[in-house]
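This report describes side-chain interactions in one protein model. Please consult the sequence and structure shown below while reading.

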Amino acid sequence: MFNKKKKEVWLVIEKRAYSNSDNFYVAKKAYSLDDAVAFKVSLEQLNDVENASYFIATDVENAMDKVITLHNEKVANDNK
């Protein structure tokens, strides 16, 4: 197989809370965490629906890879 680096995808999820259930929708897709945060903030500011909220999600593998990479870089920098 190819050793192709996966492209990170961040999803801004809209949650609609109802009395008997919650519904979730992908409101926006971003290719960087900074863009996802900007989309989320904008959606929150434009939101006029009382039962709607937003959060950012990514697949677990990408998130763990990012955490591990950042941790390893910090450890390497601390040991200099």
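In which helix does Glu 44 lie? Glu 44 lies in helix H1, residues 33-46; helices (H or I, at least four residues) and strands (E, at least two) are DSSP runs, numbered from the N terminus.

## Basis of the model

The model is predicted: local features need pLDDT of at least 70 and side-chain atom pairs count only at pLDDT 80 or more, whereas totals for chains, interfaces and linings use all residues. Residues are numbered from 1 along each chain as its sequence is written, and side-chain values use heavy atoms, with hydrogens and water left out.

## Salt bridges

Side chains of opposite charge can pair when their charged atoms come close. The structure contains four salt bridges, each defined as a side-chain nitrogen of Lys or Arg within 4 Å of a carboxyl oxygen of Asp or Glu. In one of them, Lys 40 is joined to Glu 44, with the closest N and O atoms 2.6 Å apart. Lys 40 and Glu 44 are four residues apart in helix H1, so about one helical turn separates them. Glu 44 is partly exposed at 37% relative accessible area, where buried means under 20%, exposed over 50% and partly exposed in between (1.4 Å probe, protein chains only).

A salt bridge also links Asp 78 and Lys 74, at 2.8 Å between the closest N and O atoms. Both residues belong to helix H2 (residues 60-78), four residues apart, and Lys 74 is exposed at 51% relative accessibility. Asp 22 and Lys 15 form another salt bridge, at 3.7 Å from N to O; Asp 22 is partly exposed at 37%, as is Lys 15 at 25%.

## Aromatic rings

Rings of Phe, Tyr and Trp (its six-membered ring) pair if their centres lie within 6.5 Å; planes under 30 degrees apart count as stacked, over 60 as edge-to-face and the rest as tilted. The count by this rule is one aromatic pair. The ring centres of Phe 24 and Phe 55 are 6.2 Å apart and the planes stand at 75 degrees, so this pair is edge-to-face. Phe 24 in strand S2 (residues 22-30) and Phe 55 in strand S3 (residues 52-57) are 31 residues apart, and the pair thus links distant parts of the chain.

Phe 24 is partly exposed at 47%, and Phe 55 is partly exposed at 35%.

## Nonpolar core

The largest nonpolar core has five residues: Trp 10, Val 12, Ala 30, Ala 36 and Tyr 54. Such a core is a set of buried Ala, Val, Leu, Ile, Met, Phe, Trp, Tyr and Cys residues joined through side-chain atoms within 4.5 Å.
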